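Colleague: Could you take me through this model and tell me what lies behind the words you use for it?
Modeller: Gladly, let us look at it together.

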Amino acid sequence: MADQVRSTHILYKHQGSRRPASWKDPQGVEIMKRTKEMAIEGINKIKAGIESGNLIWEEVASKESDCSSAKQGGDLGFFGRGQMQKPFEDASFALAVGEISGIVDTDSGIHIIKRLA
């Protein structure tokens with residue numbers, strides 16, 4: 001089992017996120033209008049677009065993700081156990097390299113994760 005993984009992700013925050021603001025919505029005006037269900041729907045559409053080949057992960061992450069990692073195409077670099085929120089960590093370690101997760105719900109919001117290493 002790997003001690004560390006390298007993952008990239010796309011995050012949609014919503015009204016219930018622990019910090020409902022982001023680099024593209026510093027006051028959280030739009031995020032506070034987004035329900036959790038809307039965030040799930042948006043992430044599912046992105047995932048479908050990526051899997052169909054109509055969207056490119058890094059491009060979508062850099063424009064759509066509410067995480068500051070958007071500037072790196074969603075790349076979070078390498079991390080070990082105990083460094084991320086538990087649902088995110090568990091999903092990242094469970095993925096095969098190159099695999100994309102289903103919906104991952106954390107206190108930060110709704111994610112899809114792609115394991116890079």
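Modeller: Keep in mind that this is a predicted model.

Colleague: Which residues of α1 are called buried, and why?
Modeller: They are A39, G42, I43, I46, K47, G49 and I50. The word applies because each has under 20% relative accessible area.

Colleague: How do you know that they are on the same side of α1?
Modeller: Around the axis they cover an arc of only 160 degrees, which puts them on the same side of the helix. The face turned away from that buried side carries E37, K45 and E51, which are exposed.

Colleague: What covers the buried residues of α1?
Modeller: The cover includes β1 (4–12), α2 (57–64) and β4 (109–115). As one example, I46 is in contact with I10, Y12, L55, V60, E64 and I112, leaving aside its neighbours within four places in sequence.

Colleague: Why is the largest group of 12 residues called a nonpolar core?
Modeller: Its members are I10, Y12, A39, I43, I46, I50, W57, V60, A61, I100, I110 and I112. A second, separate core has 8 residues, among them F79, F88, F93 and V104.

Colleague: What makes β4 mostly covered?
Modeller: Of its 7 residues, 6 are buried.

Colleague: How do you know that β1 and β4 pair?
Modeller: Pairing takes at least two bridges, and these strands have 6, in the antiparallel sense. Within this pair, H9 stands opposite I113 in β4.

Colleague: And what makes β3 a partner of β4?
Modeller: Strand β3, residues 104–106, is joined to β4 by 3 bridges, and the two run antiparallel. Since at least two are needed, they count as paired. D105 has I110 as its bridge partner in β4, and a hairpin of 2 residues joins β3 to β4.

Notes: Residues are numbered from 1 along each chain as its sequence is written. This is a predicted model: local features need pLDDT of at least 70, side-chain atom pairs count only at pLDDT 80 or more; totals for chains, interfaces and linings use all residues. Side-chain values use heavy atoms; hydrogens and water are left out. Buried means under 20% relative accessible area, exposed over 50%, partly exposed in between (1.4 Å probe, protein chains only). Helices (H or I, at least four residues) and strands (E, at least two) are DSSP runs, numbered from the N terminus. The arc is that of the directions from the helix axis to the C-beta atoms. Contact means heavy atoms within 4.5 Å. A nonpolar core is a set of buried Ala, Val, Leu, Ile, Met, Phe, Trp, Tyr and Cys residues joined through side-chain atoms within 4.5 Å.
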